[in-house]
Amino acid sequence: TFEDIAGRDGSRIASVASGGGEDADRAVAAARRSFDDRRWADQPPGARKRVLLRLADLVREHLDELALLECLDVGKPIRDSRTIDLPMVIDCLRYYAGWADKIHGQTIPIPGDYFCYTRREPVGVCGQIIPWNFPLLMLAWKIAPALAMGNSVVLKPSEIASLSVLRLVELAHEAGLPDGVLNVVTGQGAIVGQALARSMDVDSLVFTGSGRVGRLLLEHAAQTNLKRVYLELGGKSPHVVFEDTDDLEAAAQAVV
């Protein structure tokens with residue numbers, strides 16, 4: 001385990017399971033089984049839509065709980081969590097729920113006596129790695145489109161802020177998501193994230209974070225099954241650490 005530390009004062013909130021490579025592999029195997037037996041992918045689009053809408057309703061019902069949990073874990077003002085983050089999470093879930101029954105293929109006119117068409121299908125098992133600053137919103141951005149289309153997911157939240165993510169995933173199962181479709185592995189990115197990137201059973205990988213880590217994930221994907229990789233890299237919120245801070249070395253290390 002590792003200690004989850006409150007962003008506001010450095011106090012301990014809880015101990016969180018520190019997943020290893022084997023834990024990531026078990027989560028991927030569960031996602032693969034759930035996708036291959038089509039327990040979610042073959043549900044009618046309207047059924048997937050209803051589950052995501054029910055999840056959005058549950059987030060609304062538990063808004064204060066989730067906002068407080070994220071506020072304590074991340075260190076952001078409770079006002080921001082309640083009035084910005086959580087409403088956007090609800091809107092995101094509802095938006096992609098609406099897409100579940102609106103993705104269509106095409107018929108394509110071609111020369112000759114042929115019937116040519118396209119069919120859109122889920123990609124399979126989606127590995128997803130999210131950062132610490134907007135845990136629930138990043139979670140919604142990643143899982144909502146993937147689940148709406150019938151994929152199975154293995155998600156690694158930031159080890160700095162995992163608690164609100166774990167709670168929302170509990171609500172997802174309460175909303176009716178089948179077992180094995182949405183899996184979470186908490187732990188260090190260098191271990192769990194690398195395991196997802198190198199897994200032969202992960203079909204796509206989504207990552208939000210630094211350019212340095214993004215390059216590593218691309219390398220891992222290229223060295224294994226050439227999985228699709230989608231990267232959102234960089235940052236716009238620099239830290240300024242002044243020389244009179246109590247522990248300059250520790251502060252500098254935290255920024256790195």
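Which backbone nitrogen lies 3.2 Å from a polar atom of the side chain of Glu70? That of Leu136. A polar contact here is a pair of N or O atoms within 3.5 Å; within protein, one must be able to donate a hydrogen and the other to accept it, and residues adjacent in sequence count only if both atoms are side-chain atoms.

Some ground rules. This is a predicted model: local features need pLDDT of at least 70, side-chain atom pairs count only at pLDDT 80 or more, and totals for chains, interfaces and linings use all residues. Residues are numbered from 1 along each chain as its sequence is written, and side-chain values use heavy atoms, with hydrogens and water left out.

Back to Glu70. Find it in helix H3, residues 63-74. Helices are DSSP runs (H or I, at least four residues), numbered from the N terminus. Glu70 is buried but has no salt bridge. Buried means under 20% relative accessible area, exposed over 50%, partly exposed in between (1.4 Å probe, protein chains only). A salt bridge needs a side-chain nitrogen of Lys or Arg within 4 Å of a carboxyl oxygen of Asp or Glu. The nearest side chain of opposite charge is Lys76, 4.1 Å away.

Now the rings. The structure holds three aromatic pairs. One of them is Tyr95 and Trp99, edge-to-face, at 6.4 Å centre to centre and 70° between the planes. Rings of Phe, Tyr and Trp (its six-membered ring) pair if their centres lie within 6.5 Å; planes under 30 degrees apart are stacked, over 60 edge-to-face, the rest tilted. Tyr95 and Trp99 sit four residues apart in helix H4 (residues 78-99), so about one helical turn separates them. Tyr95 is partly exposed at 47%; Trp99 is partly exposed at 34%.

Terms used. Helices (H or I, at least four residues) and strands (E, at least two) are DSSP runs, numbered from the N terminus. Lys and Arg count as positive and Asp and Glu as negative; His and the chain ends are not counted.
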